[in-house]
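User: I'm new to reading protein models. Could you walk me through this one, step by step?

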Amino acid sequence: MSETNVIELKNVTKRFGEVVANDNVNLTLRKGEILSILGENGSGKTTLMNMLSGIYFPDEGSIRVWGKDVLIQSPRDAFDLKIGMIHQHFKLIDILTAAENIILGLDGPMRLNMKEVTTKINELTGKYGFDLNPAQKIYSMSVSQKQTVEIVKVLYRGADILILDEPTAVLTPQETDKLFNVLRSMRDNGKSIIIITHKLNEVLEISDRVSVLRKGKYIGTVDTCEATQESLTEMMVGEKVSLDIDRSNPENVERRIEVRGLNVRNNEGYHVLKDISFTANAGEILGIAGISGNGQKELLEAIGGLQTIESGEILYYTKHDNNVIEKLHQMSAGDIFDLGIRLSFVPEDRLGMGLVGSMDITDNMMIRSYNKSRGLFTDRKVPYNLAAEVVDKLDVVTPSLETPVRRLSGGNVQKVLVGREIASAPRVLMVAYPVRGLDINSSYAIYNLLNEQKRAGACVMCVGEDLDVLLSLCDRILVLSGGRVSGIVNARTATKEEVGLLMTGGKENS
Amino acid sequence: MPVIITFIQRAVGQGVAILFGATGEIMTEKSGNLNLGIPGIMYMGGVAGLLGAFFYEKSAKTPNPIAGMLISILCCLLCSLLGGLIYTFLTVTLRANQNVVGLALTTFGTGFGNFFGGSISKMAGGVGQISVKTTASAFRARIPGLSGIPVVGELLFHYGFLTYLSVILALICTYFLKRTRSGLHLVAVGESPATADSAGINVPVYKYAATLAGSMIAGLGGLYFVMEYLGGTWSNNGFGDRGWLAVALVILALWNPANAIWGSLVFGALYIIYIYIPGLSRAQQELCKMLPYVVTIVVLIFTSRRNKPENQPPASLGLSYFREER
Amino acid sequence: MDKHSKKSAGRTVIHMEKRDSISRSKAWMIRGAAVLLSLLVCAIVIIAITKQNPLEVYAGIVSGAVGTRRRIWVTVRETVVLLIIAVGLVPAFRMKFWNIGAEGQILMGGAASAAVMIYAANKLPLPLAILVILAASCAAGVLWGVIPAFFKAYFNTNETLFTLMMNYVATQIINYLICIWENPKGSNTVGVINSKTRAGWFPKIFGSEYCLSVFIVILVTVLVTIYMNYSKHGYELAVVGESTDTARYAGINVKKVILRTMCLSGAICGLAGALIVAGASHTISTSTAGGRGFTAIIVAWMSKFNPAAMVAVSVFLVFMQQGSIQIATQFGLNENASDIITGILLFFLIGCEFFVNYKLTVYREEA
């Protein structure tokens, strides 16, 4: 009966334009349980949960909460239904204290009685075993402390259903253990909890049941005690789909980039790359797999001269036989270019780093090469011709070469960027999520371009999220997990499960 | 001793207008609006108060000081409100650039003040002829008895009521920002409107309310200058750069109105210290007068080197906010 | 709109939407409408004050701006000065560096010109003296522009507030110089410098002493337009303004670009000071800049850095200012009326950009 089901989703469908983010999803959450929602990136987990927290509204299907059909139109409606969501990106005001953040936006008497608030917070933290000082300012907190504030904020508002979106992505193993203890204690106090994740070991450790989504579709729900890493991986990734990508055998393979013991910290001081060592060869495509946010972005930026490197070496071999070696780890992007090293990079953030949105295609063609011509003035003839060529060759749909690239569709923006980066006949080509947001035809056009570069003798590194694609496109795949290399596999023989397991750090734990 | 007492009295006299302006600007900036129109609004507030008093005294047979005072305060508040309304409508509702609107408002407000101030001077018979002595007497009234006490009375009770009001307002604003629910919400709006919005706080309402209230407080600074400092008369551009000093004081006060109280005293003192340093030539005196600005620049540089996040400008200062449509 | 988002029935809803693009003619129609509306409001204000026939008032404005040869030249002079300041601000604004310190940079440039006129111009041949004046004023502007740029580049100090404060430091420096250069003694003004020898004054060309200024401004405008659109420097600063991440990706040294661009911006604003002091007033006072540093910000911003639009906006504003100065004398008002008129015009021009960028649709929501 539905008394024990606090949430029931029936045939919920959500579309964004042409894209179906959730397709006929059914889901139930029982009172006093921890339910994991498992799926790869882009499988629709967060979209589904956003419909429970009032951020999106479903196109079809019904939502029952506490046994009643409901319309959740705003975060406030969700609050009223005692649903609280803890997003991946915290919504906290840095200069305020934990307590002030917790009561932010609540109605009440004009005069703030922080003593009363503090008492109430301490009651909550004591009850569930949180470690939180209500008077501490957010800016002096660690990520896990900030997360605690977010959870307490939701509890303070009386939530009985908690949804946590990838809560462990930013935590250390010790902090994760702490969080799980708190979640268990909340469950034992009658709260119902949904946790979105893609880490198998955590699913098995924390949850009572697991629901799996794949590419927006609901696959099924199993009791955790009956599941194994292998069975869950299979549900999550599905069977291997063979793609029609024309993969040639590597020719004239020689060492081009060698990374030795690379360590990088990001601006916030997190250790994002730990002891990375690998070799990337000319004439082959090295895939880089991993759950997003596991160091892929920083790795490519480090090679491209855009990251401050804490320790380690990045070596560039000009020619194998006479061993001319350049030390890329000591150079900025400008230095690398000035040395004449043809290192091309298609960054993940296309309009924030790779291109200038307000400039036209011609001007964007010369971002990395404007300084190559002599004299004070920019030469726009060459970039103009290049722009025309790229537009023509890659079928970029644009009103004109003078259109700001911001106005182009995502696929066309990507073609402009990739077209520019391969135009210099690169010796090293790094691409991050090259087909994100692109339709099938554009995607294949990009795959073919990468293969062309490989045949031309470039060292291609490709960060991707679709394992089917990486397995059909690459020669070898390097897997990152938690900022470390968790394995390098042969893409021709590896299975999807194998890579999936490496991505989720499965091997470390099993 | 008497020199020190008059020095302090004069420093306070200089500081009050700046304090009103700074308190108003702090409230405004706390909502994320950098209102560079504050100097113009102070002109508008000052001249409106003068106009109100002038026409009242002209029409009444025997003008009552208290009535004149109330009328001039009301006119001052309404006119400053109008200035603030122009700013908020353009920046919040029409999403125009805050710097551009603020500077245009200062051009407008300064012209507005000088135009009407100059015009009624002329009506009254020539430059400096306008005088609303009756009303001004209410503004300049001291507390009888207390102001007569030697030293203490001269230091603390030698001022009109607006002086005390400026201090009280600054304290109230600090209390509001630190101890009330709406104050907390306002700080959140200025720091991160997106976060405030998602917490259910009505961002535009807070931006409007804070900026309008701030404008009215700043307008009182103009009124103080006209009524108490000048004694109910007008001199074109007489208010000078005090409006910008108020904007500078916001930085010195680290966005805390209570700090602005002593800060205004420091600015007031720096503004007139040249008179009290013996042996300065006139040229050196002029160099002395740049001290408030130099001090502000030094403070600005030091705070930008990030000692404490609380001392930074509100994080969203100068940016317009609108919720992205989903 | 989302069919689920209603609560009550039959409300009138204004839906606001950012435009993807707008045709040029439509954008200019909106701006034209704003200008007309602002003129209408100005007319109402003027009538309320003067109680005159509005047509007569506008005739007075036209005659004040271009009624005589002399007035035409004054209008031209004021226009080019406003224009060159706006042009000087363009590189900084393109880099998203809020240089609101043009007032100070102009004053410092003016002070440098006055110093050369007082101390050196009598000893130099006129062409050389003029060159020294121009160079000195640029150098002074650079100094005033590069200080905040340095702190922005290295400490990320808020440049809006910094440049604003620099204006008043400059004002006090002028007050200091007035004391030193006071002429005649006790007047508290510098008086007309070299009124007998005319040393360092811009010479008459083609029958007007303002012609040289016009040439300089045209030259600077053309050069800056070329610099912004065709030079590597112009390209670099545009990339820095758009995103520092992209700039790093492109191998651009961001700090260097910030310093260099503010040197240029300060130099041109300083040059404007020379045009005012050596080219027009032949004296210096704290009102030498006269708020034009602020008005120019609005000109540059509203024109979206387009030189032709900057010319148009400058002409329009100066025309109205000069015209309202005329009607102020004609109807016995004081000259500050022109600031009120300018303010009203600016409010409308600033506000209308919203309607260029956003589309409003009003509809009634069904139950």
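Predicted model: local features only at pLDDT ≥ 70, side-chain atom pairs only at ≥ 80, totals over all residues.

User: Okay, how many helices and strands does chain B have?

Analyst: Chain B has 14 helices and 0 strands. Read from the N terminus, its elements go α-α-α-α-α-α-α-α-α-α-α-α-α-α.

User: And how do I judge how compact chain B is?

Analyst: You compare its radius of gyration with what the globule rule gives. For the 326 residues of chain B the rule gives 20 Å, and the radius of gyration is 20 Å, so chain B is as compact as a globular protein of that length. Along the principal axes, its C-alpha trace spans about 60 × 50 × 40 Å.

User: What share of chain B is buried?

Analyst: A residue is called buried when 20 or more other C-beta atoms lie within 10 Å of its own. In chain B, 57% of the 326 residues count as buried. Also, look at contacts with a separation of 6 or more: in chain B, 79% of them join residues 24 or more positions apart.

User: Where does chain B touch chain A?

Analyst: Contact here goes by C-beta atoms within 7 Å. By that test, 16 residues of chain B meet 16 residues of chain A. On the chain B side, α8 (181-191) and α9 (193-198) are the elements giving two or more residues. The most come from α8(B), with 6 residues.

Definitions and conventions. Residues numbered from 1 in each chain as written. Chains lettered and ligands numbered in written order. Helix = DSSP H or I, 4+ residues; strand = E, 2+ residues; numbered from the N terminus. Rg over C-alpha atoms; globule rule 2.2 N^0.38 Å. Buried ≥ 20, exposed ≤ 12 C-beta atoms within 10 Å, placed from the backbone. Contact = placed C-beta atoms within 7 Å.
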